Each structure stands twice: as structure tokens, then as C-alpha cells.
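Let's walk through this structure together, one region at a time. Keep the 3D view open as you read.

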Amino acid sequence: MDQEMNYGSDYHHIPATSIGSGISTQVLPDVLCHTIQIVNIMLVGNPESNDFVLVDAGMPDSASEIISVTEERFGPDSRPKAIILTHGHFDHVGAVVELVKHWDIPVYAHEQELPFLTGKKAYPEPDATVEGGMIAKMSPMFPNEPIDLGDHIEMLPVDGTIPHMDSFKWIHTPGHTPGHVSLFREEDGALLVGDAFVTVKQENLYKVLTQQQEISGPPRYLTTDWKAAKRSVEKLDQLNPNIAVTGHGLPMTGEVLTNGLAKLVKEFDQIAVPDYGKYVNKHMH
Ligand SMILES: [Zn+2]
Ligand SMILES: [Zn+2]
């Protein structure tokens with residue numbers, strides 16, 4: 001039997017939701033986005049084939065929902081070839097242990113994210129004092145102890161390729177976390193953003209509940225390096241994406257995306273960076 005896997009000791013169900021919860025959206029012929037409470041997972045691959053991957057692994061307690069969404073799209077007993085993680089926050093790895101046990105497949109993440117996924121390092125505590133409303137105030141209840149995926153987690157190849165996701169390349173977009181990645185496909189400009197930026201203002205409980213669209217920087221209470229976060233958004237803007245599927249909020253396309261992203265780059269310090277909080281030093285920008 002392989003090495004054991006564990007969630008962090010503070011892992012638990014989070015009672016937060018949005019009106020999008022439980023809804024699947026076919027964003028592109030080979031990209032399905034499904035919302036679990038407040039976070040998105042993506043199934044990437046042609047539904048006629050059995051060659052597909054899962055991007056991110058949802059909230060705590062969501063494994064059975066993820067398995068049924070997968071089987072609905074790819075058929076009974078279908079399983080992805082791998083799970084690709086944009087980063088290791090609790091809302092993106094919430095069901096990963098059960099899924100790996102059920103499917104017996106590898107998980108891939110960026111090298112700099114591995115300490116948080118192998119039980120070696122905890123993420124910084126969420127900043128409940130940060131400027132930004134109710135969700136930030138709730139954030140101390142979010143798990144931040146590292147999970148341990150043992151030998152089930154592997155490093156993404158250094159050449160930018162992604163195993164079992166041939167048409168996409170990973171792009172290092174640190175800031176929100178050190179080893180955060182976004183996934184980009186040149187041919188059609190499809191961008192799976194993770195939390196490098198999001199399309200719903202995470203700090204506003206009402207907007208999270210109603211999924212009201214508004215391009216915004218990475219979720220504030222968990223972002224620790226705002227300089228890197230800004231450079232990452234600039235990097236993504238330069239790719240000229242046609243469609244962006246973010247970790248939180250609805251997928252965004254066309255001019256709304258282009259203009260929203262341009263505005264975020266130009267006014268990053270005003271839009272994204274909180275006015276106060278323990279990971280903020282506005283003089284550094
Ligand atoms: Zn995150
Ligand atoms: Zn997130």
C-alpha cells in the first residue's frame with residue numbers, strides 16, 4: 001500500500017455557498033466548469049474520449065459530487081488521468097484525498113507548492129483584519145494546515161507542459177501562493193486562471209452569494225505577496241486570453257474580459273491591494 005494521505009488537522013466542512021453552487025457550465029466543447037459552494041472545478045477533455053483531467057479538487061466534503069459530475073460527463077466508472085492543482089488552498093484541494101483513493105491517479109502541482117501539499121509547511125494564517133468585509137472576517141475558520149498527499153503528488157514538468165493536458169501550458173503566477181499556476185491554451189486563448197484573479201469580489205459576501213460579475217485581484221485574506229500578484233496579472237493580461245475560467249466566480253469572455261483585465265492591470269493597487277491588512281505595505285508598490 002502506498003504512503004498514507006491526510007488532510008490538515010484543522011480541515012472541516014465550510015458552511016458557505018453561492019447561487020451558482022451545483023451548476024455545471026460547458027465553457028468550451030472540452031472544458032466543463034462546475035461550481036461547488038463557492039469554488040470552481042474544471043473537467044478538461046473531449047467528452048467522447050476517456051482522456052481527460054480534473055483541474056482543482058473542490059471544497060471539503062465534495063468528493064461524491066465531483067465523482068457524479070465526472071461520470072455524468074464521461075460515463076459510468078470513468079476516471080480522469082490526473083488531477084492538476086492551480087494551488088493548494090483548502091478550497092482547491094478539499095476532496096483530493098478521497099478522489100485519489102477512489103480513482104488511484106496522480107496529482108500535479110508546481111514545485112513551490114509541494115511543501116504545502118506534503119505536510120511540510122502551513123500557509124500563512126488568513127488575514128481577518130484585511131480591508132474587505134464579511135468573508136475576510138469569516139476567514140479565520142478556513143483551514144490552513146497543510147495536507148499531505150504523500151507520494152501521490154508530483155511536480156509539474158519544468159518545460160511548461162502538463163501531463164495529460166497536451167494543448168495547455170502552465171504559467172507560474174505566484175503572489176496568491178508561491179507555487180500558484182494558471183493554465184493557458186494558445187489556439188483558442190482559453191485561460192484557467194486559478195485564483196491569480198477572480199471574477200467575483202471575494203470580499204463581498206453579497207456578490208459571492210449572487211455571483212455578481214466583477215473582475216478583481218486574488219482573494220485578499222489569503223494573498224501574501226502583492227508585488228508578485230501584480231506581476232502575475234500583468235503576465236496573464238499579455239497572453240490576451242479569449243475566455244477566462246477563474247477559481248471563483250463565473251467564466252468571463254470577450255470584451256468584458258479584455259477590458260476588465262486591462263483595468264485590473266492599470267489600477268491594480270486601487271482595485272486589488274487592500275488599504276490595510278497584515279500582508280500589505282502600500283509603500284512597497
Ligand atoms: Zn486560493
Ligand atoms: Zn480559492
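The 4 donor atoms around the zinc ion (ligand 1) subtend angles of 89 to 177°, so their arrangement is irregular. (Four donors count as tetrahedral if all angles lie between 85 and 135 degrees; four count as square planar and six as octahedral if opposite donors are over 155 degrees apart and all others between 65 and 115; anything else is irregular.) This is a predicted model, in which local features need pLDDT of at least 70 and side-chain atom pairs count only at pLDDT 80 or more, while totals for chains, interfaces and linings use all residues; side-chain values use heavy atoms, with hydrogens and water left out. Residues are numbered from 1 along each chain as its sequence is written, and chains are lettered from A and ligands numbered from 1 in the order in which they are written.

Which residues hold this zinc ion (ligand 1)? His87 (NE2), His89 (ND1), His176 (NE2) and Asp195 (OD) coordinate the ion at 2.1 to 2.4 Å. Donors here are N, O and S atoms within 2.8 Å of the metal (3.2 Å for Na, K and Ca); water is not among the atoms, so sites may look incomplete. Along the chain, the donors follow the spacing H-x1-H-x86-H-x18-D. Aspartate 195 also bridges to the zinc ion (ligand 2), and the two ions lie 3.3 Å apart. Histidine 87 and histidine 89 are both buried, where buried means under 20% relative accessible area, exposed over 50%, and partly exposed in between (1.4 Å probe, protein chains only).

Now turn to helix H2 (residues 96–103), whose buried residues are Val96, Val97, Leu99, Val100 and Trp103. They cover an arc of only 165° around the axis, which puts them on the same side of H2; the arc is that of the directions from the helix axis to the C-beta atoms. Helices (H or I, at least four residues) and strands (E, at least two) are DSSP runs, numbered from the N terminus.

Finally, look at the salt bridges, each a side-chain nitrogen of Lys or Arg within 4 Å of a carboxyl oxygen of Asp or Glu. Arginine 185 forms one with aspartate 30, with the closest N and O atoms 2.8 Å apart. Arginine 185 lies in strand E9 (residues 181–185) and aspartate 30 in the loop between strand E1 (24–28) and strand E2 (31–36), so the pair ties together parts that are 155 residues apart in sequence. Arginine 185 also forms a salt bridge with aspartate 188, at 3.0 Å between the closest N and O atoms.
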